[in-house]
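Here is a colleague's note on the structure shown below, written for someone new to reading such models. Please keep the structure open while going through the points.

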Amino acid sequence: MTGTRSTARIGLLVAAWIVRLVAIILVIATFNFVLVRAAPGDPAMVMAGQSGAADPKILDDLRKEYGLDKPYLVQLGTHLARVLTLDLGYSYRQRRPVLDLILERLPATLLLTLTAFCLALLIGTTLGALAGLVAGSIADTVFTVLSLLLYATPVFWLGLMLVLVFSVTLGWLPPFGYETINAKHTAIERIFDIMKHMIMPVISLAAIYLAIYARLMRSSIIEVSHQDFIKTARAKGLARPRIVVSHMLRNALVPVVTVAGMQAGALVGGAVVIETVFAWPGLGRLTFEAVLQRDYPVLLGIFLILSVIVIALNLVTDLIYRLIDPRMTTEAA
Amino acid sequence: MNRREFTAAMLAASAAIPLGITRAAGQPKGGTLNTIIQPEPPILVTAFNQQQPTLTLGGKIYESLLKYGADLKPLPGMAQSWEVSPDGLTYTFKLFPGITFHDGKPMTSEDVVFSCMKVLTETHPRARQNFARVASAEAPDPLTVVFKLKQPFAPFLGCFDCTSAPIVPKHIYEGTEFRKNPMNDKAIGTGPFKLKEWVRGSHVHLVRHDGYYRKDQPYLDEIIYRIIPDSASRALALENGTVQLVQWSDVEFFDVQRFKSQKNLAYTTKGYEYFAPHQWLEMNNRVAPMNDKRFRQAVMHLIDRDAMNKRVYFGNAKVATGPISSKTKFYDPKVKRYDFSVEKAITLLDEMGLKPGANGKRAEIKYLVPPYGEVYQRAGEFFRQSFSKAGIDLVLVGTDMAGWADKVGNWDYEMTQNLLYQLGDPALGVARTYISSNIKKGILFSNTQGYSNPEVDRLFEEAAVALDEAKRQELYSKVQQILVEEVPVAWTLELEYPIIYDKAFKEIVTTGIGSHETFGSVYKS
């Protein structure tokens, strides 16, 4: 009897969570629709513009085909109904299902951004922690200057400089692209080929985030090192490595995880510049082109997918909080 | 076309055929051409999208009945010969035998009639206007197409290049919603190259169409179009040999000079004769002070177009003298010239009563900067500097592509810059900007500035239907004189886009449509 009640309760909780998720997604979808449509411009006219000629009948036909001739609220209703049925619609410009377009580009973007993100997080927090532990030393000063420099370096400039050095001058790395086109590679060779293509875009993208996490971690470590519980640990005679790993790092990581969680979502959709410089076939370029073309279905589809990713990442961030700081679980309970 | 000209055209056509066959012998086969496409086309079917990259790429996949030389005279395309009736109403085309689509099905006159009269009239704005003049189109036998016009239309023979009238397979499109046909992804044409693979955001891979009807062609095995969005990366790709050909604005104007001196590369501005990109400062003629002819004439005097060419376009242009490009038909150099003279401009402005106010300014005008790259921004700054010398304050307003199209198409602007192709004949590419019947709100690249002159309308209409070339020249000369006097727009430059390619590749530019050509005759030495 108790088991049944417990299962029912879990079921209710899951149902409530799903309802809340659907409601959030619908609100986001509505907000996206209003936002996207608030920008001036008519997709049919953009397409006509690109053709160098326009004809009233063809413009009307296009608007009818896209449903742009219908009242605004009807268009919004159609959009929300599609979202509920997981139908992202057709691209005006490319005349293909939006989901196909996104799924084609998403892997390349995830590969690039997640690698850069993990790299930045790992190296940034490690360097930041080391600098924080020797705060005030020459090494810390050098670290502070370098991280500031890295933070201030424009991403596109860094990308172009890397190309200039490693592709043009040294000829070590391919200047752009995702992989060698038309190459007859085995699976293993292909993986190495893609990795070779990834090096420069990943470094360019990771640089600024690495600087952010490093600086954040440094100040967080310095702050934590002055806390009472650290003094207590020292007074108790705990070994320094144990104090650092078990007490300082865990606590210092909380703000880093917060910022990283927020930035991870932005990273997925925000690699436009790097994708442009390195001709990387990712989602950023697709978004940029869809904005220019007023390709509403593609834009709305990308926004929706990104929203879902951000919601999922928030969930992951919450879980990580609880892993590194058990107090949060207790508080939540 | 009179009888003498018709005979000459026939001789030219018959001469071109053996020439093609002679060339076919002995050219080395094989090789890959790597080039660039930017921005990435949305679709490869040129019947449904006429964006420049779509045409460059689609030109290898889709063909039409004719091609045009640098002199804009017709050459055989899929039609090996053609006849025009003396009254200029009936056009009969004879197709080459043995033409097949990429799916192996034969291409016949039925496909031509279906493409021109059913598909293009629904999906292709330019073709729709051209084929609206056709009373009937027939396919009496598989290799013959007959178009009968409602009334003579002199440039009708100029409407059959692969960008204006691409032929699509009837067996694939008949009875379907053309734009939504799932076979659009396959891009089935008759061209020398067929689509092998399109990795979106990365590249488009074309390979040889083995069933191509021209003997031994294509010579190349494959063409790879790389999608490289950043202009610095594109220049680098050409420099280090990753790509062997760039066209249109693949490389920025300021980069062209250094490639001219790169030893392994050839440079030409040929191959743009059909399009003849013509640029101008567009002024909304409905709005004061642009509604006064004297103001527009003053604008012509205020722009030092030689300096603009040197400083903004790095010499990749020629000064335009009027509405018709010197690269196209019926250009007349004997028109009024507006020299660069701030004094003359000030005299005109004073004459119309546009005197400087207390702040020294005569007028403040909003200039909508076209969102097509840095060069347009620089041109806007050049105009602002030029106009300031006469007390006209140009306020640059930025926008994106959709915003620009919306504002210009709906006449919600004061000044902007515009560029149109001349399309081989003033009746096809020039008249549309100046005739009153083309003042259509919401339609981009129409007479958006709102200029209207019944005499100009009459001259353009008469010239479009006159069959005698001398008569047409006379009419177009008159219209050029009137327009240059009235300055509906301030013509600035005839842009000379480059084609830069590795010297190992031959026959890159063979006609007036340059890089939009089929590339069937391109070979690697």
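**Notes on the two chains**

1. Read along its sequence, chain A follows the pattern α-α-α-α-α-α-α-α-α-α-α-α-α-α, and the count for this chain is accordingly 14 helices and zero strands. Please bear in mind throughout that this is a predicted model.

2. As to overall dimensions, the C-alpha trace of chain A spans about 85 × 75 × 40 Å along its principal axes. Of the 333 residues in chain A, 37% are buried. Among the contacts in chain A with a separation of 6 or more, 73% are accounted for by residues 24 or more positions apart.

3. The crossing in which H12(A) passes H13(A) is left-handed. On the side of H12(A) the contact is made by Leu283(A), Leu286(A), Thr287(A), Ala290(A) and Val291(A), and on the side of H13(A) by Val298(A), Leu299(A) and Ile302(A). Sorted by class, this contact of H12(A) with H13(A) has seven nonpolar residues, one polar residue and no charged residues.

4. Helix H12 of chain A also packs with H5(A), here at an angle of about 135 degrees and with the axes 7 Å apart, and H5(A) and H12(A) are therefore oblique to each other. The residues that meet are Leu101(A), Ile102(A), Arg105(A), Leu106(A) and Thr109(A) in H5(A) and Leu283(A), Gly284(A) and Leu286(A) in H12(A). This contact of H5(A) with H12(A) divides into five nonpolar residues, two polar and one charged.

5. Where do chains A and B touch, and how many residues are in contact? In chain A 40 residues are in contact with 44 residues of chain B. The elements of chain A that give two or more residues to this side are helix H2 (43-51), helix H3 (56-66), helix H5 (98-133), helix H7 (155-169), helix H11 (272-277) and H12. The largest share of the side of chain A that touches chain B, six residues, comes from H2(A). By class, that side has 20 nonpolar, 10 polar and 10 charged residues.

6. The largest nonpolar core has 226 residues, and those with the most contacts inside it are Tyr213(A), Ile302(A), Val299(B), Phe460(B) and Ala490(B). Its largest share, 16 residues, comes from helix H8 of chain A, residues 187-225. To follow one of these residues, Ala490(B) is in contact with Trp280(B), Leu281(B), Met283(B), Arg296(B), Val299(B), Met300(B) and Ile303(B), if its neighbours within four places in sequence are left aside.

7. In chain B, helix H12 (residues 401-409) is mostly covered, with seven of its nine residues buried. The buried residues of H12(B) are Met401(B), Ala402(B), Trp404(B), Ala405(B), Asp406(B), Val408(B) and Gly409(B). After H12(B) comes Trp411(B), whose phi is positive, near 65 degrees.

8. Two further residues of chain B deserve a check of their backbone. Leu423(B) has a positive phi of about 55 degrees although it is not a glycine; Leu423(B) sits in the loop between strand S17 (415-420) and helix H13 (426-429) of chain B, and it is buried because 26 other C-beta atoms lie within 10 Å. Phe445(B), likewise not a glycine, has a positive phi near 60 degrees and lies in the loop between helix H14 (431-434) and helix H15 (454-465) of chain B. Phe445(B) counts as buried, having 23 C-beta neighbours inside 10 Å.

9. Which peptide bonds in chain B are cis? One runs from Gln38(B) to Pro39(B), with omega near -10 degrees, and Pro39(B) is found in the loop between strand S1 (32-36) and H2 of chain B. Another joins Ala288(B) and Pro289(B), with omega about 0 degrees, and Pro289(B) is found in the loop between strand S13 (278-283) and helix H8 (293-302) of chain B.

Technical notes:
Residues numbered from 1 in each chain as written. Chains lettered and ligands numbered in written order. Predicted model: local features only at pLDDT ≥ 70, side-chain atom pairs only at ≥ 80, totals over all residues. Left-handed = near helix turned anticlockwise from the far one by under 90°. Helix = DSSP H or I, 4+ residues; strand = E, 2+ residues; numbered from the N terminus. Contact = placed C-beta atoms within 7 Å. Nonpolar A, V, L, I, M, F, W, Y, C, P; charged D, E, K, R; others polar. Core = buried A, V, L, I, M, F, W, Y, C linked by C-beta atoms within 7 Å. Buried ≥ 20, exposed ≤ 12 C-beta atoms within 10 Å, placed from the backbone. Axes fitted to C-alpha atoms, helices over the stretch in contact; angles between N-to-C directions. Parallel < 35°, antiparallel > 145°, perpendicular 65-115°, else oblique.
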